[in-house]
Amino acid sequence: MIGEMHGTNEPAEFAYGICKLIYKKEGKVIMAMEIPPSQMSEFHGEMSIDQLKNMSFFAGEYSSGMNGEAWLNLISKCNEHENIIVEFFDHQKVSPRDSSMYNALLEIRNNHPKTKIVTLSGNLHNRLEPFNGKKMLGVYLKNDTINFDPKKIMSIMHYFNQGTMMNNIGNGLELRTIEPKEDIFNKTLSAKMLFCENIFEDRNYMTHILYTDKVTHSEKISNR
């Protein structure tokens with residue numbers, strides 16, 4: 001489970017890399033994304049990038065940063081591999097929303113019981129602990145010990161030091177600049193990118209960390 005700040009490139013790129021590693025070892029993998037299936041109703045795995053641009057999700061209003069180049073490119077690159085099955089799990093059929101997401105992933109699990117699932121969503125949904133008293137997708141999955149093994153659930157959070165992102169945090173869609181600062185990563189490491197187990201004892205809502213010194217924003221899709 002990969003959590004992101006919407007409107008950024010790095011988590012989507014990481015998700016694609018993880019998918020390639022899994023299918024090369026295990027033969028198949030599922031890339032599941034926080035997209036309403038109703039907005040991708042005509043989707044199939046042989047679509048070109050130009051065909052994908054015409055799907056409702058990508059042709060609709062660019063208001064959240066999600067339906068930009070990063071997610072478009074992720075789906076397009078996954079479509080180049082018959083071993084990567086792309087699914088969408090934000091059905092929004094019942095309330096609470098994360099419960100609906102869980103039901104969607106459970107359906108995917110039942111349809112592909114022996115295939116690993118990689119999810120990409122906003123970084124609240126993959127939390128393994130409640131947020132403001134509300135159960136998140138990760139909590140529902142962790143509590144379902146019949147269909148999922150809690151010990152095999154990875155919740156990955158993206159940390160970064162500086163850069164740009166294109167998203168909406170309450171002021172409408174805007175390009176935001178993150179100023180550089182000192183953090184535990186750049187104070188102790190020379191690496192600009194890092195993937196590791198959770199190093200924070202007080203942040204048990206995740207299991208792993210993706211760190212990139214810079215975060216870059218997902219561009220608006222051209223020729224829309």
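The legends below describe close-up views of the cores and pockets in a predicted model.

**View 1. The largest nonpolar core has 34 residues.** Within this core, Met31, Met40, Phe43, Trp71, Leu74 and Ile75 touch the most other members. Two or more residues each come from helices H1 (10–26), H3 (56–59) and H4 (69–78), and from strands S2 (29–33), S3 (84–88) and S4 (117–122). Helix H1 gives the most, with 7 residues. In soluble globular proteins, nonpolar side chains tend to be buried together.

**View 2. The largest pocket has a volume of about 690 Å³.** Its lining has 24 residues, and Lys116, Ile117, Lys152, Ile153 and Met154 are the closest to the pocket centre. Helix H1, helix H5 (97–111) and strand S4 each supply at least two lining residues. The largest share, 4 residues, comes from H1. By class, the lining comprises 15 nonpolar, 3 polar and 6 charged residues.

**View 3. The second largest pocket holds about 230 Å³ of space.** Glu4, Met5, His6, Ser64, Met66, Gly122, Asn123, Leu124, His125, Asn167, Asn168 and Ile169 line this pocket. By class, 4 of the lining residues are nonpolar, 7 are polar and 1 is charged.

How values were computed. Residues numbered from 1 in each chain as written. Predicted model: local features only at pLDDT ≥ 70, side-chain atom pairs only at ≥ 80, totals over all residues. Heavy atoms only, no water. Core = buried A, V, L, I, M, F, W, Y, C linked by side-chain atoms within 4.5 Å. Buried < 20%, exposed > 50% of the residue type's maximum accessible area, 1.4 Å probe, protein only. 1 Å grid on protein atoms, 1.4 Å probe; cavity = no way out; pocket = protein on both sides within 12 Å on 5 of 7 lines; lining within 4 Å. Points joined across faces, edges and corners; volume = space filled by probe spheres on them. Nonpolar A, V, L, I, M, F, W, Y, C, P; charged D, E, K, R; others polar.
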